[in-house]
Amino acid sequence: MLTLVSKDFRLLYGSFFGSKKKIASSVFSLLALAFFVVVETFFYLAILNRIKNYKDAPVSFTVLYLFILSLIMILSDLVRARKLFFDKKDSFLLSSYPLKSDTIILSKVLLLLLTQTLTSFLFTYPIFVSYGIVFSRTALYYFLALFYPIMMFFFEAGIAFLLVYPYSLL
């Protein structure tokens with residue numbers, strides 16, 4: 001199972017490792033990701049500080065903001081799922097091994113769970129921390145916010161799994 005997950009990881013992210021040019025590109029991608037997280041958090045905080053005095057506006061805005069991030073994650077999951085499940089070269093290589101199809105699918109879903117949860121954590125946890133700081137939340141709030149990316153996987157990846165086949169046909 002771990003071998004299949006590592007193979008799928010190389011399938012998704014193999015282009016990020018290797019030569020110096022690829023490593024430089026990977027560093028640039030990570031810096032761009034960090035910049036995006038900083039900008040989205042700054043944008044969220046700027047609006048949150050303007051509307052925090054209105055009744056129920058901060059909660060509504062946070063829900064809307066997290067919904068927009070969830071739509072972005074669904075698109076990201078859709079692209080990853082298509083690459084994982086419908087890669088012709090990968091299917092050809094796996095067909096020569098005596099592997100059950102449920103083991104192959106489970107390894108791909110597990111990798112999608114790990115990558116989506118990590119990505120969702122990077123995008124959403126700064127939002128929860130910002131909200132918690134502005135409204136002086138307790139430590140339990142920050143602890144419970146850790147489970148948001150894992151719980152959202154079922155919603156986001158579920159929609160991505162429903163759309164991946166029509167997307168691959170296009």
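Here is a short chat about a predicted model of one chain.

Reader: Ground rules before we start?
Author: Residues are numbered from 1 along each chain as its sequence is written, and side-chain values use heavy atoms, without hydrogens or water. The model is predicted, so local features need pLDDT of at least 70 and side-chain atom pairs count only at pLDDT 80 or more, while totals for chains, interfaces and linings use all residues.

Reader: How many helices and strands does the chain have?
Author: Seven helices and zero strands, taken as DSSP runs numbered from the N terminus (helices H or I, at least four residues; strands E, at least two).

Reader: OK, E40. Which helix is it in?
Author: Helix 2, residues 20–51.

Reader: And what does E40 touch?
Author: Leaving out residues up to four places away in sequence, E40 touches Y65, L69, L122, F123 and I127; contact means heavy atoms within 4.5 Å.

Reader: Switching topic: which residues make the nonpolar surface patch?
Author: L140, F143, L144, L146, F147, I150, M151 and F154, about 810 Å² together. Helix 6 (139–145) and helix 7 (148–169) each give two or more residues to the nonpolar patch. Areas are Shrake-Rupley values with a 1.4 Å probe, and for residues only the protein chains shown count as cover.

Reader: Why does F154 count as exposed?
Author: Because its relative accessibility is 56%, and exposed means over 50% (buried is under 20%, partly exposed in between; 1.4 Å probe, protein chains only). F154 is found in helix 7.

Definitions and conventions:
Patches are made of residues with over 30% relative accessible area and no salt bridge: like charges are joined within 9 Å, nonpolar side chains (Val, Leu, Ile, Met, Phe, Trp, Tyr) within 5 Å. A salt bridge is a side-chain nitrogen of Lys or Arg within 4 Å of a carboxyl oxygen of Asp or Glu.
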